Structures are given as structure tokens and as C-alpha cells.
Amino acid sequence: MEPHVTYDVVSRAAAAVRQRIGLVPQVALILGSGLSHLAERIQDAARVPYTDVPHLVQSTVPGHAGQFVAGMLSGVPVVAMQGRVHFYEGYSAAEITLPVRVMGALGAEILIVTNAAGGLDPDYVVGDVMIITDHIFLPGLAGANPLRGPNDDRLGVRFPDMTPAYDPRLVQLVRMVAHAEGIDLREGVYAMVAGPSYETQAEIRFLRAVGADAVGMSTAPEVVVARHSGMRVLGLSLITNVPGDFAGDTAPADAMHKQVLAVGEDAVPRLTRLVSGVLERIGATREA
Ligand code: HPA
């Protein structure tokens, strides 16, 4: 059987992080490709490299420096993952999602997950931000679900409900923030593919036909684990490219990955405003 995650593993990893951070986080954040700068706004930050945490697997991708950053952001105690490990790096879905379990075990009740994604909806342009209203977890449907294996009821139920996977109240909250900040948002369905190769033309048509508005190589396994752990989830995709754009291009093979990172840099101020606005409102209800 492929590696799965046990209650003891989660407890040991969480204990190692807990003793390095001076707070109980309410919100967990996952900062994806190009978005890791958001973590620099966290105040009184304690940083815990993934290498210091037992059982965590290590990222191999440039732009994914791996550490937890815990502290205050917009008045809310948070723990952020600065960098994530992807399924395409060769680990199991359970292994790559252990950090989400750790953040849940530390106390986080809400997960805000961000990613870079290719736009499939023909109206989408590079730089758009999309609220993820639902996902299609292709590797998960085909067997690479992080919950595959024995279930420990202390971590969650055997058959977690995924309707809805993304919390409608948080969707409503980020809509309000976007309106107040004058930021245009898209809303749509995120399809997760295993990668690391980008999609063929036929795969792009397939994904559009089954109702996906954006495609990426992360997030869905993390959201399954967050829901299993009882967390409420908000997902935001930054549209960094339109798949097929590079078709027939003679540019270096990593042109698309470079573009993904560059668009991320450009969108950081907007995403920062969105996430800060959401946190401020969460903080306000905290005090009430
Ligand atoms: N496809 C898959 N994953 C991605 C893409 C894409 O076009 N862009 C960013 N992540």
C-alpha cells in the first residue's frame, strides 16, 4: 500500500511546529506559485522550515521554498504554508497534504488556498483572479485520493461529504471584499490534473467539456484533507496563462513556468488586498 498518514504522524508533526510558534492559528493559508510574498506581510512571524518538521516531504520545485510562517495578519492569528509540495513530485496524495492536517491540528478552522492556474473559460485573461466555487479532482476520482487507505476517525470520517467543498459564506465574504476594493473576480470550477506536463489541445477541450473553468496541478487534494479535518475552505486561483498559448512556440521549454511566476508577482498586491480584506472581516466576527 502507498504511504498514508496516521494520527500519530500528524500529532508528532504538529507538536514540532506548535513548540516553535507562539500562537493558535485561526486561519491557515497556502501560498502557491509566485504568491509566496504574501507571507512577508505576516507580523511577529515565526518561521518553521519543512525540513525541521518530522514526516513532512520536501519540495523540489524552484519558487516553492518550503516553510510554515505563523503570526498575525490583518488582526488574525494565521499559519501560512510558504510553498507546497505537488503530487507530480512523486509523493502520495496523503504525503503532500500532511501540512494541511498539521495546520488543522494547530487549531486552524479555515483554510484559504491559492494557486496558479490555466484559464479554460474563453473569457478569462492572464491576471484574472477566480473564486473556486467547486473542483474536479481528476487524480482523486481515478484513485489518487489522499484519504485512500485505512481511516482513523480521530482525523475525520470515512466518507466525507464534499457538497459543498468550498464554503458558500466565505465565497460571499470574498465577493463583498472584491466589491469594496474595486477588484474584478471570476468564479468557476477548478480542475486538478496530476501534471507535470501541461495539457494537450485535446485535454484542454476535454476539461472545458466537463465543466472546468481553470486547470492546475494542486489544491484539490489539500481541500479534500481540509474538509476531512473539518475546516471551512476558501479557494482562489490566479489565472497565469491560457493553456494552448504556447502551442507551436519555439520559446524555451520552461517559458510557461516562468510566466506563471511572473504573473504571480504582478497579482500579489491584488491578492493581498483580497486576503487581507477577508481576514479583517473574519477578525471582526472573532471579536464580536
Ligand atoms: N495547466 C496546468 N497547471 C497549471 C497551468 C496550466 O495551464 N497554469 C498554471 N498551472
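I began with helix H1, where Val9, Val10, Ala13, Ala14, Ala16 and Val17 are the buried residues. Buried means under 20% relative accessible area, exposed over 50%, partly exposed in between (1.4 Å probe, protein chains only). These residues cover an arc of only 155 degrees around the axis, so they sit on the same side of H1. The arc is taken from the directions from the helix axis to the C-beta atoms. I then checked what covers them, and found that the cover includes strand S2 (43-49), strand S3 (67-73) and helix H3 (98-106). Helices (H or I, at least four residues) and strands (E, at least two) are DSSP runs, numbered from the N terminus.

I noted the source. The model is predicted: local features need pLDDT of at least 70, side-chain atom pairs count only at pLDDT 80 or more, and totals for chains, interfaces and linings use all residues. Residues are numbered from 1 along each chain as its sequence is written, and side-chain values use heavy atoms, with hydrogens and water left out.

Next I looked up His228, which lies in helix H7 (residues 220-228). His228 counts as buried because its relative accessibility is 7%. Its side chain makes a polar contact of 3.0 Å with the side chain of Arg101. Another, also given as 3.0 Å, goes to the side chain of Asn151. A polar contact is a pair of N or O atoms within 3.5 Å; within protein, one must be able to donate a hydrogen and the other to accept it, and residues adjacent in sequence count only if both atoms are side-chain atoms.

A nitrogen atom of the ligand is 2.8 Å from a side-chain N or O atom of Glu199. Strand S5 gives the most to the shell around the ligand, with three residues.

Definitions and conventions: Contact means heavy atoms within 4.5 Å.
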